[in-house]
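Here is a friendly walk through one structure, from its pocket to its metal site and its charged pairs. Please keep the sequence and the model at hand as you read.

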Amino acid sequence: MSQVPLQKKVLSENDRIAASLRERFRQNEVLCVNLISSPGSGKTTLLERTLEVLPPDSRVAVLTGDIQTENDAARLKRFGFPVKQITTGGTCHLDARMIERHLEDWDLAKLDTLFIENVGNLVCPSSYDLGEAAKIVILSVTEGEDKPLKYPSIFFKSELLVLSKTDLLPFVPFDPELAERNARRVHPGMEILRVSCLTRIGMAGWLNWLRQRRCKECELKQESVALG
Ligand SMILES: Nc1nc2c(ncn2[C@@H]2O[C@H](COP(=O)(O)OP(=O)(O)OP(=O)(O)O)[C@@H](O)[C@H]2O)c(=O)[nH]1
Ligand SMILES: [Mg+2]
């Protein structure tokens with residue numbers, strides 16, 4: 001079999017599992033978000049700053065993906081919420097089957113929000129639906145304003161852009177307005193938040209976005225129940 005049909009088959013199998021995960025998240029009213037960025041843009045740090053301010057009884061959990069090591073899970077477990085590492089052993093993205101397998105012994109009815117931290121990579125994760133309600137792309141200010149134009153797929157598919165490490169703006173030649181214009185050239189109307197996990201400026205906006213996104217998910221569920 002040539003490479004193209006095989007890849008199509010893999011992706012359609014992934015889509016089938018992702019659709020069943022999406023339905024399970026919907027039934028259980030779980031907001032699932034898929035965080036995607038280049039290595040080191042600040043996915044785990046954003047999750048650390050998020051988990052540290054949540055009340056201890058918050059119904060959140062994290063699946064964090066990496067090619068090697070359990071480092072990110074170890075960082076995130078300190079906050080007391082359920083966290084699992086998915087180690088891909090070389091694969092440059094998470095796929096829906098990995099998510100399904102790692103959810104086997106978690107009761108989704110006990111969750112409101114599931115964070116998925118994808119493997120650090122701006123390309124491959126964009127092709128794999130994980131059943132999430134929203135993809136979120138993180139771009140740090142040390143990466144260059146041109147990245148939305150060079151890696152358009154993930155910026156097009158993501159609902160939200162988090163421009164991270166904004167505390168470094170005085171020290172790097174990076175024009176945030178240009179980066180945002182580039183993101184909106186690829187994805188008109190894209191939501192954008194500027195966040196520094198160091199100073200925590202912008203964290204309130206991020207937490208508010210999460211809250212509102214969760215409300216939207218619950219409203220969609222109620223609408224679909226009302227429609228029968
Ligand atoms: N100055 C500054 N540094 C940050 C910020 N957020 C993260 N960092 C630093 O950036 C580095 C990488 O952060 P991580 O959160 O590990 O990045 P990641 O995206 O999870 O990395 P991978 O999982 O390896 O892809 C660490 O040294 C963080 O301390 C920020 O807002 N400001
Ligand atoms: Mg990480």
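For the residue classes used here, Ala, Val, Leu, Ile, Met, Phe, Trp, Tyr, Cys and Pro count as nonpolar, Asp, Glu, Lys and Arg as charged, and the others, Gly among them, as polar. By those classes, the lining of the largest pocket has 7 nonpolar, 3 polar and 4 charged residues.

Before going on, a word about the model. It is a predicted one, in which local features need pLDDT of at least 70 and side-chain atom pairs count only at pLDDT 80 or more, while totals for chains, interfaces and linings use all residues. Residues are numbered from 1 along each chain as its sequence is written, chains are lettered from A and ligands numbered from 1 in the order in which they are written, and side-chain values use heavy atoms, with hydrogens and water left out.

**The largest pocket**

A pocket is an open set of points, on a 1 Å grid over the protein atoms alone, where a 1.4 Å probe fits, with protein on both sides within 12 Å along at least five of seven lines; its lining residues have an atom within 4 Å of a point. Grid points are joined across faces, edges and corners, and a volume is the space filled by probe spheres set on the points. The largest pocket has a volume of about 270 Å³. Its lining consists of 14 residues, and L54, V60, T113, R211 and R214 are the ones nearest its centre.

Helices (H or I, at least four residues) and strands (E, at least two) are DSSP runs, numbered from the N terminus. Strand 4 and helix 8 each give the lining at least two residues, and helix 8 makes the largest contribution, with 4 residues.

**The magnesium site**

Which residues coordinate the magnesium ion (ligand 2)? The ion is held by T44 (OG1), D72 (OD) and E117 (OE), at 2.0 to 2.1 Å. Donors here are N, O and S atoms within 2.8 Å of the metal (3.2 Å for Na, K and Ca), and water is not among the atoms, so sites may look incomplete. Along the sequence, the donor residues follow the spacing T-x27-D-x44-E. T44 in helix 2 (residues 43-51) and E117 in strand 4 (residues 113-117) are 73 residues apart, and the pair links distant parts of the chain.

Are T44 and E117 buried or exposed? Buried means under 20% relative accessible area, exposed over 50%, and partly exposed in between (1.4 Å probe, protein chains only). T44 is buried at 4%, and E117 is buried at 3%. Among the buried residues of helix 2 are K43, E48 and R49.

**Salt bridges**

Side chains of opposite charge can pair when their charged atoms come close. With a salt bridge taken as a side-chain nitrogen of Lys or Arg within 4 Å of a carboxyl oxygen of Asp or Glu, the count comes to 19. Three of these pairs are listed below.

| Pair | Closest N and O atoms |
|---|---|
| R97 and E13 | 2.8 Å |
| E23 and R26 | 3.1 Å |
| D112 and R214 | 3.6 Å |

R97 is partly exposed at 38%, as is E13 at 31%. E23 and R26 both sit in helix 1, 3 residues apart, about one turn of the helix. D112 and R214 form a salt bridge. This pair links distant parts of the chain, 102 residues apart, with D112 in the loop between helix 4 and strand 4 and R214 in helix 8 (residues 203-226). D112 is partly exposed at 21%. There is also a network of salt bridges that links E48, D72, R75 and R78.

**Loops and backbone**

E29 is not a glycine, yet has a positive phi of about 55°; E29 lies in the loop between helix 1 and strand 1 (31-37). T69, another residue other than glycine, has a positive phi near 75°, and its place is in the loop between strand 2 (60-66) and helix 3 (71-77). G131, in the loop between strand 4 and strand 5 (134-140), is buried at 2%. G131 and A96 are 35 residues apart in sequence and 7.1 Å apart in space, C-alpha to C-alpha.
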